[in-house]
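Subject: Structure handover

Hi,

Here is the structure I promised to pass on. Please open it first, then read my notes below.

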Amino acid sequence: MNNATNRTIDPSCRDKPPLAIDIIVNLDIFGIILYSILTFMATVSVLVYIEECIYIYRKVPSNKKSVIIWVNGAAPVIATMSCLGMWIPRATMFTDMTSACYFAIVVFKFLVLMLEEIGGDEAFLKRAGKHKLKISTGPCCCCCLCLPYVHITRRTLFLLKLGSFQFALLKIVFTILSIVLWTNGTFDLADLEITGAAIWINPFVGILTIIALWPVAIMFMHLRVALRTIKIVPKYAMYQLVLILSQLQTAIINILALNGTIPCAPPFSAAARGYMLSQQLLILEMFIITLVTRLLYRRQYDPLPVEKVDDNENTKMVAMPESA
């Protein structure tokens, strides 16, 4: 008889993720050190964020306080949820959904942040009144160079805001729907059958994500020169990095786990181990991003200088031709 036929598979490799008490009982010296360090990092991230909130509350103008606090909270919130998911593996779906919902709001808040840094909606419309927007930017239309330039009007600004706000709203709606379906046994992230709810909900949420990121990219490309004095480029880079690590990296690791590339390691099944590795990486990455973000946003919030007309300035705005 073939030896492969007689090979037994550990029951835990087919079981649900372990309970928190099972993790604590099975921790060795390396595991205790690893979990302690990662928990310490998550705790420090929260403390740094609280200290930053106090600074923002005292030093930042009232119109910017809320959006800056929201944007600054992306990395600490994800680190905290990842730490909870690391200690309580059966709650990973809920911690990931909480992080995703928060970041969906951050996408919209970052767009609002750029507008507030320029002086608000009225100041943006006043500065950009003689320009057009180039909409052939990522992630939707970076290759569509034939797209026309768009006039900057109140309607255009409203559509840009709406494009990002829909994700903040619908992400929460679909998260609630997913939880309801999960309680009914019809939502399972590992179920890739055509009849499963996850195979329909997740791609649709992915489309909403791409649509929401497009207005933020458009606004960034048009304001990056005007906001260069407040380090908008590294701020945008940190925002993009949080997106890539929390969404793309997690998705890749989970797919590798579902395909068996990441092997089972009792008491973790392959899928549970993939989630665990993802949580641990996120804690480390979000800890570093929290520290970098603190440096970027801890500054004097003085008004921007009056815009000077410079035909040689490298911007993505295109001047509108004067009517004859």
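Helix α5 covers residues 74–87, which makes 14 residues. From its first C-alpha to its last, α5 reaches 20 Å, close to the 20 Å expected at 1.5 Å a residue. Please keep in mind that this is a predicted model.

How many of the 14 residues of α5 are buried? The count is 11, so α5 is largely enclosed by the rest of the structure. The buried residues of α5 run from Ala74, Ala75, Pro76, Val77, Ile78 and Ala79 to Met81, Ser82, Cys83, Gly85 and Met86. What covers them? The cover includes α2 (20–26), α3 (29–59) and α4 (62–72). Also included are α6, α10 and α11 (270–297).

The protein chain has 11 helices and three strands. Along the sequence, the pattern reads α-α-α-α-α-α-α-β-β-α-α-α-α-β. The chain holds 324 residues, and 44% of them count as buried. Take the contacts in the chain with a separation of 6 or more: residues 24 or more positions apart account for 78% of these.

Next, the cavities. The whole structure was searched, and two cavities of 30 Å³ or more turned up. The largest cavity has a volume of about 110 Å³. It is lined by 14 residues, and the closest to its centre are Val71, Met238, Tyr239, Val242 and Thr293. Which elements give two or more residues to this lining? They are α4, α5, α6, α10 and α11.

Then the aromatic rings. A search of the whole structure gives 10 aromatic pairs. In one of them, Phe103 and Tyr239 have ring centres 5.9 Å apart. Their planes meet at 20 degrees, and planes under 30 degrees apart count as stacked, so this pair is stacked. Phe103 belongs to helix α6 (residues 92–118) and Tyr239 to helix α10 (residues 232–258), so the pair ties together parts that are 136 residues apart in sequence. Buried or exposed? Phe103 is buried, at a relative accessible area of 3%. Tyr239 has 5% relative accessibility and counts as buried.

A second example is the pair of Phe108 and Phe165. This pair is edge-to-face, with 5.4 Å centre to centre and 70 degrees between the planes. Phe108 sits in helix α6 and Phe165 in helix α8 (residues 154–183), so the pair ties together parts that are 57 residues apart in sequence. Phe108 counts as buried, at 17% relative accessibility. Phe165 is partly exposed, with a relative accessible area of 39%.

Phe103 and Tyr239 also come up in a group. Together with Phe110, Phe220 and Tyr236, they form one aromatic cluster.

Last, two lysines over rings. Lys65 lies over the face of Tyr57, at 4.5 Å from the ring centre. Lys235 lies over the face of Tyr297, at 4.4 Å from the ring centre.

Best wishes

Definitions and conventions:
Residues are numbered from 1 along each chain as its sequence is written. This is a predicted model: local features need pLDDT of at least 70, side-chain atom pairs count only at pLDDT 80 or more; totals for chains, interfaces and linings use all residues. Side-chain values use heavy atoms; hydrogens and water are left out. Rings of Phe, Tyr and Trp (its six-membered ring) pair if their centres lie within 6.5 Å; planes under 30 degrees apart count as stacked, over 60 as edge-to-face and the rest as tilted. Helices (H or I, at least four residues) and strands (E, at least two) are DSSP runs, numbered from the N terminus. Buried means under 20% relative accessible area, exposed over 50%, partly exposed in between (1.4 Å probe, protein chains only). A charge sits over a ring if NZ of Lys or CZ of Arg is within 6 Å of the ring centre and within 35 degrees of the ring normal. The expected span of a helix is 1.5 Å times one less than its number of residues. Contact means heavy atoms within 4.5 Å. On a 1 Å grid over the protein atoms alone, a cavity is a set of points where a 1.4 Å probe fits but cannot get out, and a pocket is an open set with protein on both sides within 12 Å along at least five of seven lines; lining residues have an atom within 4 Å of a point. Grid points are joined across faces, edges and corners, and a volume is the space filled by probe spheres set on the points.
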